[in-house]
Amino acid sequence: MATNEGSEPEYVDISKINVGQGEGYEKKCIFCKVVNNEMGTEILHVDEEVSCFRDIKPGAPHHYLVVPTRHVGNCKSLSKEHVSLEKMVEIGMEILQKNNVLDLSDVRFGFHWPPFCSVSHLHLHVLAPASQMGFMSRLFYRPNSYWFVTADQLIQQLNS
């Protein structure tokens, strides 16, 4: 992977990760299409497990989505063997740091609960700085509400 200096995003060679349209690909899923490079979306990170790109409707100055590279449904049907949520969080932190977000205490990481998921492909919202989120974003991404759960809380629930 090539890295640019300064605040430029990391560019990756997605051709090295070929998800293709076989197992782990849902042809109607927009995130499967993004990860498979069918939408022209800038991919900030991709590996065999997870991929990351910018949210098209940012709720904060930095708003990224970290998704399993292969299709995994929403978090209500999730089990520990589907994907490493810890790895998703780790990649989210790396992307923030590569984009010069240094105050990691002013971030929000989480998932929407069904039926409040707009896309049924599991996706971690990575938002920073949380203190700069507008009123609607604070509502949409309100920690531990009926519609949004923090990554830490979901990991804790899966481990118990």
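This is a predicted model: local features need pLDDT of at least 70, side-chain atom pairs count only at pLDDT 80 or more; totals for chains, interfaces and linings use all residues.
Reader: Which residues is H125 in contact with, leaving aside its neighbours within four places in sequence?

Author: There is a list of them, including D55, H63, Y64, R108, F109, Y141 and F148. Contact here requires heavy atoms within 4.5 Å.

Reader: What makes the pair H125 and H63 a polar contact?

Author: Their side chains come to 2.9 Å, and the cut-off for a pair of N or O atoms is 3.5 Å, so the pair counts as a polar contact.

Reader: How do you know that strand 3 and strand 5 pair?

Author: Two strands pair if there are at least two bridges between them. Strand 3 (residues 62-68) and strand 5 have five bridges, in the antiparallel sense, so they pair. H125 belongs to strand 5, residues 124-128, and in that strand L127 is the residue opposite H63.

Reader: What is the order of the strands in the sheet?

Author: The six strands run 1-2-3-5-4-6 in an open sheet with antiparallel pairing. Strand 1 (43-46) and strand 6 (148-150) are called edge strands because each pairs on one side only. From one strand to the next, the twist averages 25°.

Reader: Which strands does helix 4 lie across?

Author: Helix 4, residues 151-159, lies across strand 4, strand 5 and strand 6, and runs at about 80° to strand 6.

Note on methods:
Residues are numbered from 1 along each chain as its sequence is written. Side-chain values use heavy atoms; hydrogens and water are left out. Helices (H or I, at least four residues) and strands (E, at least two) are DSSP runs, numbered from the N terminus. A polar contact is a pair of N or O atoms within 3.5 Å; within protein, one must be able to donate a hydrogen and the other to accept it, and residues adjacent in sequence count only if both atoms are side-chain atoms. Axes are lines fitted to C-alpha atoms, for helices over the stretch in contact, and angles run from 0 to 180 degrees between N-to-C directions.
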